[in-house]
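Work through the exercises below with the model open. Each task is followed by a stepwise solution.

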Amino acid sequence: MITASPAARLLPTAPDWRELWRASITDAGELLRSVGLEHLAGRLPPADAGFALRVPRGFAARMRPGDASDPLLLQVLPQLAELEQAPGYLIDPVGDLAAREAQGLLHKYEGRALLIASGSCAVNCRYCFRRHFPYGEEMAAAGQWRKALEHLRQDASITELILSGGDPLSLATPKLEELSRGLAGIPHVTRLRIHTRLPVVLPERIDDAFLAWFAALPLQKVVVLHANHANEFDAAVDAACRRLREAGATVLNQSVLLKQINDDADTLVKLSERLFAAGVLPYYLHQLDRVQGAAHFEVDDARALALVEAMRGRLPGYLVPKLVREVGGDASKRPV
Ligand SMILES: *Cc1c(COP(=O)(O)O)cnc(C)c1O
Ligand code: SF4
């Protein structure tokens, strides 16, 4: 019998995001079993092809059971193809990873500076340049912030600070508070932008403590999510997006164009529509960084342009992302 004790009347407490993060799947065999594909275990590369598997359970739960070409599974499952050496695919395709690591702050584009706030991510995406630089733990812990804040203070041309990584929301909220306290004395920085995949792969991260901090920031706020397929969204992700907006953020999304995952017009159209249903606008569609081990994800430029043209024919202009590529040394992302 259920008795109405005072405790039973309280709302169930949501699981803490850090616990959920720690409980992520890190074994490829387990991931395959969880989606009913254990018969594929013989096709896994040894030692995860040198880049650990990491998938929050909530993200794995959005994969279609029994489907070896599920678009979420393909983003995170180690493949034998990663072991192939493809010409032109480098360890450091954008050419500034060493610089990123050393300085913590990248000021390459006019008006905007990008802080590598954390080297950690909640998910390991197989196509990411990070596969060769799983950095250390928190970059910020190494006293980098003081140097970064000093640079910001001295350069009044910087009006926007971008928190990136890794994933900056992998930092605990008190760490973010520490950073924003440092920003308080720098009046020319009026915008804070956060590049994060956490609201998509671990939406529990957008908890009350985070929102209290975020909503109170005396800055204009932009959150740029990273989702590549409509199936990455569910009610929990929708709720996280809504709470970010309610806290005063403009919420955008960037995607990477990935072969067999989102390289057809129907999939891209559905993604844009699903983003908008969640209150999110598409921002960039990135051509892949040519990082070693990711060649099997590449979509050539001609096909990429045709896909965006097809989107333009079927969607309002505000739902068509800009197709870009990052080229080392450029003063902005380069339109394809
Ligand atoms: C991508 C990037 C930015 C942001 O560019 P936007 O076009 O403003 O989105 C800023 N700084 C660096 C170093 C970047 O790589
Ligand atoms: S979340 Fe972003 S930075 Fe982290 S592994 Fe995925 S693509 Fe790379």
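The model is predicted: local features need pLDDT of at least 70, side-chain atom pairs count only at pLDDT 80 or more, and totals for chains, interfaces and linings use all residues. Residues are numbered from 1 along each chain as its sequence is written, chains are lettered from A and ligands numbered from 1 in the order in which they are written, and side-chain values use heavy atoms, without hydrogens and water.

**Exercise 1. Find the polar side-chain atoms that approach oxygen atoms of ligand 1.**

Step 1. Apply the cut-off: a polar contact is a pair of N or O atoms within 3.5 Å.
Step 2. Start with arginine 112, with a polar side-chain atom 2.6 Å from a ligand 1 oxygen. Tyrosine 284 also places one 2.6 Å from an oxygen of ligand 1.
Step 3. Check the cover. Alone, ligand 1 exposes 380 Å², and the protein buries 94% of that (Shrake-Rupley method, 1.4 Å probe).

**Exercise 2. Describe the shell around ligand 1 by class and by element.**

Step 1. Collect the residues with a heavy atom within 4 Å of the ligand. Among them are Leu106, Lys108, Tyr109, Ile162, Arg193, Tyr283 and Lys333.
Step 2. Sort them. Six are nonpolar, none polar and five charged. Here Ala, Val, Leu, Ile, Met, Phe, Trp, Tyr, Cys and Pro count as nonpolar, Asp, Glu, Lys and Arg as charged, and the others, Gly among them, as polar.
Step 3. Assign elements (DSSP runs; strands are E, at least two residues, and helices H or I, at least four). β1 gives the largest share, three residues.

**Exercise 3. Which residues surround ligand 2, and how do they divide by class?**

Step 1. List the shell: Cys121, Val123, Cys125, Cys128, Arg130, Gly166, Arg197 and His226.
Step 2. Count by class: four nonpolar, two polar and two charged.

**Exercise 4. Characterise the second largest pocket by volume, lining and elements.**

Step 1. Define the pocket. On a 1 Å grid over the protein atoms alone, it is an open set of points where a 1.4 Å probe fits, with protein on both sides within 12 Å along at least five of seven lines; lining residues have an atom within 4 Å of a point.
Step 2. Read the volume: about 250 Å³.
Step 3. Take the lining of 15 residues; Ala14, Glu204, Ile206, Asp207 and Arg243 lie nearest the centre.
Step 4. Assign elements. α10 (208-216) and α11 (235-246) each supply at least two lining residues. α11 has the largest share, four.

Methods. A polar contact is a pair of N or O atoms within 3.5 Å; within protein, one must be able to donate a hydrogen and the other to accept it, and residues adjacent in sequence count only if both atoms are side-chain atoms. Grid points are joined across faces, edges and corners, and a volume is the space filled by probe spheres set on the points.
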